Amino acid sequence: MKQKNNYTIFSFIKRDSKKMMLAIILSLFSVVSGIIPYFVVAKILTLTILKKGTIVDIFYLSIIGTCAFCFKIIFFNLSTTISHKLAYKTINFIRYAIVDKLAFISMGEFQKKKIGEYKQLIMDDMDKLEYPLAHAIPEITSNLLGFIAIMIYLFIVDWRLALAGLVPIIISFIIYGIMMKGGAMEIFKEFNEGTALLNSTTVEYINGMEVVKAFNQTVSSIEKFSNAVIHFRDVMTKWFSHCWPYLSAYNVIMPASIAFVLPIGGILLKNNIIDLSIFIMGMILSLGIAPPVMKLIEFTDNIPTIMFTEAKLKEILSINELEQRLKKICLKDDSVEFNHVSFGYEENNILHDISFKIKPKTMTAFVGTSGAGKSTVAKLIARFWDVKEGEILVGGENIKNIPLTQLMDEISFVSQDNFLFDMTIRENIKIGNKFATDDEIEAVCKKTGCLDFILKLPQGFDTAVGNTGELLSGGERQRIAIARAMIKNASIIILDEATAFTDPENEEIIQKSISNLTKDKTVIIIAHRLSTIVNADKIILFNKGRIVNEGTHNELLENSHIYKDMWQAHIGSKSWGVKEKVQCLEY
Ligand SMILES: Nc1ncnc2c1ncn2[C@@H]1O[C@H](COP(=O)(O)OP(=O)(O)OP(=O)(O)O)[C@@H](O)[C@H]1O
Ligand SMILES: [Mg+2]
């Protein structure tokens, strides 16, 4: 079983801990180099005002200051280059981990979240991690150490000036704390949920664009979408109106160390408690206190983002994967068997006590009314879900004992939706078999009736099919999906309404090629057009989640009223279709 326990973002970064250390050290060098110019300026000012230094002293000090400043930039660039590479690598790791996880969980678990939510986590939330990952770890460490170094030195110079320099920092922290305690986290959570809702509703809205157009719906009339937009605006406004007053005060007070150090230093100098060199050093160093602290606080803004992303990540990565064995097992043959299987997507069962046996290398058809459970049975064979009761055997083995990857290799599944990826036709077909040569792809396309239309496309096999294959007709998509399934060369082939959108001429071609290509295979066909399955070795008739009869076409015509009625209706619709055509021609 493939279950991991450590799902923190840090656990992914740790995989490259040496590089992260290097980025931190380089960043630390950058901060130290950045502090040196403060000392240099203070020294030059003291030497100049006290008229103690020569031109050469000031020249050397200037060189040191300039070099230190250059080193600050060089070290910073090196550090961020490493940390950015590391950040993108980590984000990649996490994206792979999520996608990998989704492949091994049941469809039931998968469907608990909306597509938009997955999109947000895999794309948007991961993109948002770039800033904290690439900058936060090296820069937090180095800025924290930089701040500590300045403060220690300032305390050594004069403890009163150091304390005065700390006052605005402490006040700013209190303001920040009040902002966070006053409900900022809750509002941020709402803001995050609002973003997720807007994301998923937008994806749903865009996917349903055809319906929107067909039914003349405008944006405002799609209530769900407009509500999500309004809700997002409201939480965003709430977030800003809550935080802005605090952030304004914080931004004014935090960098104002000198406003506190200057009067205290003036009093101390006037009373001869400190001398001019200490006064100048205190002034200049106080200018260096706020920048590292402000950088640190800047990163704390990212903490809620990291926390929410991490919570979502944990939620997905800790979903239990389908239990499976990892070791390949030897299957007896290509048979499929259901033993008293009951199943429901939710609490109520949709399939009730289903039992049947499909012999190897035979063709079996599932027929029945819409919603009878045919596709559900097919999906259970491919283990998209686990059964609630009973068992499913493939090759004599319970599918729970067959590694998922082995089961997927055994089965080729053309689903009702025949989903195509937004890639070229060639790439879509190659999903079935990544080693297939161009000649093999062409041959299988010829047999499944898609070669003609593919060659007519401007870029042939290299034509991109668009989002979910929308640039092709329903029938064309189906034929490509069949070609993809056929090139996989699996021993069990499941075709769920695979030719439903195909015109009669092409359907005949495909039917012929299906019978040729599946000669030595176990084939399960789900079809509403009964004429396509009359020659099946066995037809299983489903009704309301139960098997009501099984046998050959002729046996069912004799024994089953339901099947007979379905057949009559089918024959009727076919002849009606012909009559309609004739009438149309007469006009
Ligand atoms: N993912 C799902 N989540 C919840 N219920 C589902 C899901 N898929 C199907 N169902 C329900 O299960 C029942 C059986 O659906 P199924 O798709 O297996 O029927 P079917 O016989 O293939 O119908 P059709 O001939 O229309 O394709 C239906 O009532 C359907 O609403
Ligand atoms: Mg179906």
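A polar contact is a pair of N or O atoms within 3.5 Å. Keep that cut-off at hand for the opening stop of this tour, which runs through a predicted model.

**Stop 1: the ligand**

Select ligand 1 and show the residues around it. The shell holds 13 residues, and the closest are S370, G371, S375, T376 and Q416. Colour that shell by class: three residues are nonpolar, nine are polar and one is charged.

Now show the side chains of S370, S375 and T376. In S375, a side-chain N or O atom is 2.7 Å from an oxygen atom of ligand 1. The side chain of S370 has an N or O atom 2.5 Å from an oxygen atom of the ligand. For T376, the distance between a polar side-chain atom and a ligand oxygen is 2.4 Å. Switch to a surface view next: ligand 1 taken alone exposes 630 Å², and the protein buries 68% of this area.

**Stop 2: helices α9 and α10**

Select residues 257–270 for helix α9 and residues 276–287 for helix α10. Two packed helices are described by the distance between their axes and the angle between them. Here the axes come within 9 Å and cross at roughly 170°. Angles over 145 degrees count as roughly antiparallel, so α9 and α10 are roughly antiparallel to each other.

Which residues make the contact? From α9, pick S257, I258, V261, L262, G265, G266 and L269. From α10, pick L276, F279, G282, M283, S286 and L287. By class, this contact has eight nonpolar residues, five polar ones and no charged ones.

**Stop 3: helices α5 and α6**

Move to residues 115–157, helix α5, and residues 159–207, helix α6. Their axes come within 14 Å and cross at roughly 175°. With that angle, α5 and α6 are therefore roughly antiparallel to each other.

To see where they meet, select I115, G116, E117, K119, Q120, D124, F147, M151, L154 and F155 in α5.

Notes: Residues numbered from 1 in each chain as written. Chains lettered and ligands numbered in written order. Predicted model: local features only at pLDDT ≥ 70, side-chain atom pairs only at ≥ 80, totals over all residues. Heavy atoms only, no water. Near = heavy atom within 4 Å. Polar contact = N/O pair within 3.5 Å; in protein donor to acceptor, adjacent residues only side chain to side chain. Areas by Shrake-Rupley, 256 points an atom, 1.4 Å probe, with all protein chains shown as cover. Nonpolar A, V, L, I, M, F, W, Y, C, P; charged D, E, K, R; others polar. Axes fitted to C-alpha atoms, helices over the stretch in contact; angles between N-to-C directions. Helix = DSSP H or I, 4+ residues; strand = E, 2+ residues; numbered from the N terminus. Parallel < 35°, antiparallel > 145°, perpendicular 65-115°, else oblique. Contact = heavy atoms within 4.5 Å.
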